[in-house]
Amino acid sequence: MSTPTEKASARHHVVIVGSGFGGLFAAQRLKKADVDVTIIARTTQHLFQPMLYQVATGIVSEGEIAPATRIVLRKQRNARVLLGDVNKLDLKNKIVTSKLLERITETPYDSLIIAAGADQSYFGNDHFAEYAPGMKTIDHALELRGRILGAFEQAELSNDPAERDKLLTFVVIGAGPTGVELAGQIAEMANKTLKGSFRNIDPTQAKVILLDAAPAVLPPFGEKLGKKAAARLEKLGVDIQLNAMVVDLDYDGMVVKEKDGSTRRIESQCKVWSAGVQASPLGKQLSEQSGVELDRAGRVKVLPDLSIPDNPNVFVVGDMMAVDGVPGVAQGAIQGGRYAADAIKAELTGGQTPDQRKPFSYFDKGSMATVSRFSAVMQVPIPGTKKKFETEGYFAWLGWLALHLVYLVGFRNRLNTIVNWFFAFSTRGRAQLAITEQQVYARTALGHLSELAKKSEIEIEADIDAEQEAARTAAAEKESEAS
């Protein structure tokens, strides 16, 4: 066991779990505070998740939306970054335990900010993940890029019309913002970027299906904008199928259940899952130790100051927190992270006690989703009223570009992104279309290796138990003979 993170000074130690929007912005907010900050994350980068679909469809590279966290924070002298998967929280002893390969690290804390995010939810059908990856990590995006482009490559080699149709049918499950954005970009890639690049197939004949159990596209945006987005997708050739629930899924396709209870099968090799989220399992540990409630998605029902019962210096922010009126978007995580950091600073510098904290208040800056090039939907609350300004089309698309540029980390990343956007949206070209076999198969291969390792551990334990039982039996026999 390694414990290199013991407190080196008497300063207040703030530990942050996760390097997403909530974690990173909380750390930066503490830059000038008289505290030591430690970020523990299972990845080395700060991921700008809203643009993952552009990595999957070859518009931008992964490096432009995922700068290294320790590089981002290298000038913040009171902050350090540890790589590791946090697997245990000890609220009583104020210790966070993380694991990297076989190295176990225990990190003590005075204040804890948990921003571990959320993973894809398959609603109890976790085996679906093998055939339909989600859109939550860089690995997911690169795998999907390999699957999408690989399907075209396989179709080029096939002379079987049925197999070719299956290969050129792309199904996106989930009609929320991620699903809409991804379906639109796959359609544009097939109709524009890849047009004329093959000799045995016509990429423009590819079929893109957007499927959801809900009755509408983009439900959070309301009926008007949802219909506008649906109309734009249909113009691109996307087949929208609503009130359709996936009940089974395999390598070659899926079974869909209709609203009337009937079922049908869709043959498709390339499938994407964007239908739901499940909060980090750390929430369950918090519930067991503090009694805090969890919602259906495993999110923590925090107190008004984003802390948990009987632990005023343990904050939960981002996709892990369940707060009425706060959506699971970047702005919610950013504002939550900053609020937690300010609460810690106020207690240290102003003597503010936890019961004097003002409740967390979310400022809704609006929601946006792109549909295709030159087309997006935007919804912005009108201050002082309950109304919202809604628009769609070109100006909403420009607003989406501007907002996402602002929140990209690093000048060079912003510049590279602008260049890539210029060529992708003004021409048919996309600069990031390289794929490898490892991108497609690495995730499932690692999963199989993990299963084999678990089986090996069980077999080893069984062998040890058998040897111990044999030794006890032999000892008992000797004792019986001696008597």
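Reply: One definition before we start: buried means under 20% relative accessible area, exposed means over 50%, and partly exposed is in between. Asp310 has a relative accessible area of 74%, so it counts as exposed. Keep in mind that this is a predicted model.

Me: Where does Asp310 sit?
Reply: In the loop between S17 and S18. Its phi is positive, near 65 degrees, and Asp310 is not a glycine.

Me: Which other non-glycine residue has a positive phi?
Reply: Leu101, at about 55 degrees. Leu101 is in the loop between strand S5 (95-100) and strand S6 (103-108).

Me: Is Leu101 buried or exposed?
Reply: Exposed. Its relative accessibility is 71%, and the cut-off for exposed is over 50%.

Me: What do S5 and S6 form?
Reply: A hairpin, with two residues between the strands. Leu101 is in the turn. The strands pair in the antiparallel sense over six bridges.

Me: Which residue stands opposite Thr97?
Reply: Glu106, in S6.

Me: Back to S17 and S18. What sheet are they in?
Reply: An open sheet of six strands, in the order S3-S2-S1-S7-S18-S17. The pairing is mixed.

Me: And which are the edge strands?
Reply: Strand S3 (79-83) and S17. Each of them pairs on one side only.

Me: How do S7 and S18 run?
Reply: Parallel, joined by three bridges. Ile114 has Val316 in S18 as its bridge partner.

Me: New topic, helix H9. Which of its residues are buried?
Reply: H9 spans residues 282-290, and its buried residues are Leu282, Gly283, Gln285, Leu286 and Ser290. They cover an arc of only 160 degrees around the axis, which puts them on the same side of H9.

Me: Why would residues some places apart in a helix point the same way?
Reply: An α-helix has 3.6 residues a turn, so residues three or four places apart point the same way.

Me: What's on the face turned away from the buried side of H9?
Reply: The exposed residues Lys284 and Glu288.

Me: And what covers the buried residues of H9?
Reply: The cover includes strand S1 (12-17), strand S4 (85-90), strand S7 (111-114), strand S17 (307-308) and strand S18 (311-316).

Me: What follows H9?
Reply: Gly291, with a positive phi near 85 degrees.

Me: What does Ser280 touch?
Reply: Ala116, Gly117, Ala118 and Met320, not counting residues up to four places away in sequence. Met320 is also in a nonpolar core, a separate one of 48 residues that includes Val37, Ile39 and Ala340.

Me: So that's the second core. What about the largest one?
Reply: The largest nonpolar core has 69 residues. Ile65, Phe152 and Trp421 have the most contacts inside it. Helix H5 (residues 138-157) gives the largest share, nine residues.

Me: What is Trp421 in contact with?
Reply: Leaving aside neighbours within four places in sequence, the contacts are Met51, Gln54, Ile59, Val60, Trp400, Leu401, His404, Leu405 and Ser426.

Me: Where is Ala322?
Reply: In the loop between S18 and helix H10 (330-349). Beyond neighbours within four places in sequence, Ala322 is in contact with Asp295, Arg299, Val300, Lys301 and Val302.

Me: How many residues separate Ala322 and Lys301 along the chain?
Reply: They are 21 residues apart, with 4.8 Å between their C-alpha atoms.

Me: Let's zoom out. How many helices and strands in the chain?
Reply: 13 helices and 21 strands. Among contacts between residues at least 6 apart in sequence, 64% join residues at least 24 apart.

Me: What is the radius of gyration?
Reply: 25 Å. A compact globule of 483 residues would have a value near 23 Å, so the two agree. The C-alpha atoms fill a box of roughly 80 × 75 × 45 Å along the principal axes.

Conventions: Residues numbered from 1 in each chain as written. Predicted model: local features only at pLDDT ≥ 70, side-chain atom pairs only at ≥ 80, totals over all residues. Heavy atoms only, no water. Buried < 20%, exposed > 50% of the residue type's maximum accessible area, 1.4 Å probe, protein only. Helix = DSSP H or I, 4+ residues; strand = E, 2+ residues; numbered from the N terminus. Arc of directions from axis to C-beta. Contact = heavy atoms within 4.5 Å. Pairing = 2+ DSSP bridges. Rg over C-alpha atoms; globule rule 2.2 N^0.38 Å. Core = buried A, V, L, I, M, F, W, Y, C linked by side-chain atoms within 4.5 Å.
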